[in-house]
Amino acid sequence: MVRQNLHCHTTFDDGRDSPEAMVRAALDAGLTSVGVSLHCPIEGETDWCCPAEDEARFIAEMRSLRERYAGRIAVWCGLEYDLDAARRSTPPYDYIIGSCHMLGGIAIDNTPEEAARLIAVHGGADRAAQLYYDRLCTMAAFPEISIVGHFDLLTKYNERAPLYDETSKTYRDAAFAALETLSAAGKIFEINSGAISRGWRTTPYPAPELLRHLCELGGRICVSSDAHSANAIACAFDRCEALARETGFRELWHFTGAGFEAVRL
Ligand SMILES: [Zn+2]
Ligand SMILES: [Zn+2]
């Protein structure tokens with residue numbers, strides 16, 4: 001049912017495979033369109049972001065793949081902003097995903113140890129969650145961001161070693177407020193299976209309770225794998241689709257090259 005993935009990474013950032021390998025994997029998985037979303041360059045961060053000097057080469061390679069695969073699969077050239085590096089310009093990308101991977105320079109999703117340190121530094125889990133969701137809300141001011149990446153990324157390690165109490169009033173209020181702000185700003189939210197392919201979770205982001213609230217708000221969703229290797233290009237898409245249905249959604253939003261359109265679930 002899910003026929004598009006707009007979120008994946010390649011050897012241009014922290015992915016394992018080339019853009020062409022990702023396009024081929026998408027074709028093999030039965031997708032009709034695929035977008036590679038480059039981790040945008042951040043000064044001083046080189047292990048997971050694209051180096052600034054490689055960005056033009058990435059865009060050229062995606063354009064050439066689009067032409068080479070025309071008629072077989074639509075190929076889009078996307079960017080995943082980190083909020084620390086969001087630029088107020090109109091870059092030559094087809095669409096932009098907005099994400100927050102760090103708080104105060106500490107990574108949210110690198111290792112459980114670093115995630116625990118982030119909580120300690122920021123004065124506890126509830127306070128860190130509040131800071132994270134407040135920061136996500138700033139995305140509303142970036143009209144070029146169409147998609148919110150892995151909305152509750154904070155909970156990446158919660159199945160194995162709970163760091164955040166997702167039932168606490170502070171946590172829920174902060175997460176619900178961010179859903180409301182970003183949905184009102186017209187953002188599309190991912191159901192994202194990235195932590196499943198990397199073995200940290202058995203369920204996609206976001207939590208069902210958050211998706212139910214988003215559905216009540218009339219919010220829009222898409223499905224993405226955030227794959228960092230070709231074999232994960234459509235990881236757990238059946239589970240993502242089931243989660244969308246269970247939480248009330250009846251449509252997904254697909255990028256068409258000229259905006260997003262609803263596709264019935
Ligand atoms: Zn991300
Ligand atoms: Zn990503």
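What share of the contacts in the chain with a separation of 6 or more comes from residues 24 or more positions apart?

**View 1. The whole chain of the predicted model, with its contacts and overall dimensions.** Residues 24 or more positions apart account for 69% of the contacts in the chain with a separation of 6 or more, two residues being in contact if their C-beta atoms, placed from the backbone, lie within 7 Å. The chain holds 8 helices and 11 strands, where helices (H or I, at least four residues) and strands (E, at least two) are DSSP runs numbered from the N terminus. Its radius of gyration is 17 Å, close to the 18 Å that the globule rule gives for 265 residues, so the chain is as compact as a globular protein of that length; the radius is taken over C-alpha atoms, and the rule is 2.2 Å times the number of residues to the power 0.38. Along its principal axes the C-alpha trace spans about 50 × 40 × 35 Å. Residues are numbered from 1 along each chain as its sequence is written, while chains are lettered from A and ligands numbered from 1 in the order in which they are written. Because this is a predicted model, local features need pLDDT of at least 70 and side-chain atom pairs count only at pLDDT 80 or more, whereas totals for chains, interfaces and linings use all residues.

**View 2. Helix H4 and the residues that it buries.** The 13 residues of helix H4 (residues 125-137) should span 18 Å at 1.5 Å a residue, and the end C-alpha atoms are 18 Å apart, which agrees; the expected span is 1.5 Å times one less than the number of residues. Among the buried residues of H4 are Ala-128, Ala-129, Tyr-132 and Leu-136, a residue being buried if 20 or more other C-beta atoms lie within 10 Å of its own, exposed if 12 or fewer, and partly exposed in between, with C-beta atoms placed from the backbone. What covers the buried residues of H4 includes strand S5 (102-103), helix H3 (112-121) and helix H5 (169-184).

**View 3. The crossing of helices H1 and H2.** The axes of helix H1 (residues 19-28) and helix H2 (residues 55-68) come within 10 Å and cross at roughly 35 degrees, the axes being lines fitted to C-alpha atoms, for helices over the stretch in contact, with angles from 0 to 180 degrees between N-to-C directions. The contact is made by Pro-19, Glu-20 and Val-23 of H1 and by Glu-61, Met-62 and Leu-65 of H2.

**View 4. Thr-32, in the loop between H1 and strand S2 (33-39).** With 12 C-beta neighbours inside 10 Å, Thr-32 counts as exposed. Not counting residues up to four places away in sequence, Thr-32 touches Arg-3, Gln-4, Ile-73 and Ala-74.

View 5. Most residues other than glycine have a negative phi, and most peptide bonds are trans. Ala-236 has a phi near 55 degrees and is buried, with 23 other C-beta atoms within 10 Å.
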